[in-house]
Amino acid sequence: MKFRHLLTLISLFVFCGAVYAQENNDYPFKSGERLDFVMNYTWGNVITDVGSATCVTTYADGKYNILLTGKTYRFFDTFFKVRERFEARFYEDSFRPLRFHREASEGKYYMNNTLTFNKNLSISSRTQKKNREPVDTLLSGSVNTMDLLTLFFKYRTMDFSESSIGVKKPLEFVIDKEIYNLYFIYLGKEKKRVPGAGTFNTMKFAAKVVAGNVFDGKEDLLIWVTDDQNKIPVFFESPVIVGKVQGRVSSITGNKYPLTSKIK
């Protein structure tokens, strides 16, 4: 898998809109949740905010729709312009994905990818690169194969205890024309200061990433999630081939439960 820029990272971990129907669940999120993030890049002694991302949750007719958009700041557009749009739809009761779409414009690179999840568990993938004809691929999935956004929302519903520390949890997801089987590990609880947002009681996780154009695959991505009923990602960081990338939450609105994890 080719993660070609820093904003793609945030699709692994985040996830306002009007409420069109009544939700009926105990999930840690609801329609109207909006999360804003700032992306940061470190190279040597240089630390720079390079872009932003926003994730919006809506609900209608028993289905959730997640929209994640990201972009570089205008100054950095001169060097490497990035515009990203991810959108996923899944069933409320089963978390079964219906459709996923991403449109990535990153410098000279362009990818348009649509995934359709079929009833027989196969996945129809259409990919189209810049100035090329679309390519259709049929993939053999399983009940556990999801797109990245649906996968993260499902794992937000999981309970973690002391007995879960250090245990590998599987991640099976599809993007473009491939299915990946990776894992994440719960590392325990930690107080985490998030610049501009405050200090939170969090749960810390490590996720295995795929070697490619950005990651070397040797070190894990670290993620901090609020230790409350919302389980909102507030910070992540990972070494990349050159330097280090970080993402931090800048605004949380429409959260389902009080943000009791924030301590100052």
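Student: Is glutamate 33 buried or exposed?

Tutor: Glutamate 33 counts as buried, because its relative accessibility is 0%. Buried means under 20% relative accessible area, exposed over 50%, and partly exposed in between (1.4 Å probe, protein chains only). Do keep in mind that this is a predicted model, in which local features need pLDDT of at least 70 and side-chain atom pairs count only at pLDDT 80 or more, while totals for chains, interfaces and linings use all residues. Residues are numbered from 1 along each chain as its sequence is written, and side-chain values use heavy atoms, with hydrogens and water left out.

Student: Which side chain does glutamate 33 meet in a salt bridge?

Tutor: A salt bridge is a side-chain nitrogen of Lys or Arg within 4 Å of a carboxyl oxygen of Asp or Glu. Here the partner of glutamate 33 is arginine 156, at 3.0 Å from N to O. Glutamate 33 sits in the segment before strand 1 (34-43) and arginine 156 in the loop between helix 2 and strand 9 (168-175), so the pair links parts 123 residues apart in sequence. Arginine 156 is buried too, with a relative accessible area of 2%.

Student: How many salt bridges does the structure hold?

Tutor: There are 10. Among them, arginine 126 pairs with aspartate 136, with the closest N and O atoms 2.7 Å apart. Arginine 126 belongs to strand 7 (residues 122-129) and aspartate 136 to strand 8 (residues 135-140), so this bridge ties together parts that are 10 residues apart in sequence. Arginine 126 is partly exposed at 42%, and aspartate 136 is exposed at 54%. Another pair is arginine 83 with aspartate 77, at 2.8 Å from N to O; arginine 83 is partly exposed at 30%, whereas aspartate 77 is buried at 18%.

Student: How many residues of helix 2 are buried?

Tutor: Helices (H or I, at least four residues) and strands (E, at least two) are DSSP runs, numbered from the N terminus. In helix 2 (residues 148-155), seven of the eight residues are buried, including Phe152, Phe153 and Tyr155. At the start of helix 2, a side-chain oxygen of aspartate 147 comes to within 3.1 Å of the backbone nitrogen of leucine 149.

Student: Where is arginine 248 found, and what does it touch?

Tutor: Arginine 248 is in strand 14 (residues 244-253) and is buried, at 17% relative accessibility. Contact means heavy atoms within 4.5 Å. Leaving out residues up to four places away in sequence, arginine 248 touches residues including Asp36, Asp49, Pro195 and Phe235.

Definitions and conventions. A polar contact is a pair of N or O atoms within 3.5 Å; within protein, one must be able to donate a hydrogen and the other to accept it, and residues adjacent in sequence count only if both atoms are side-chain atoms.
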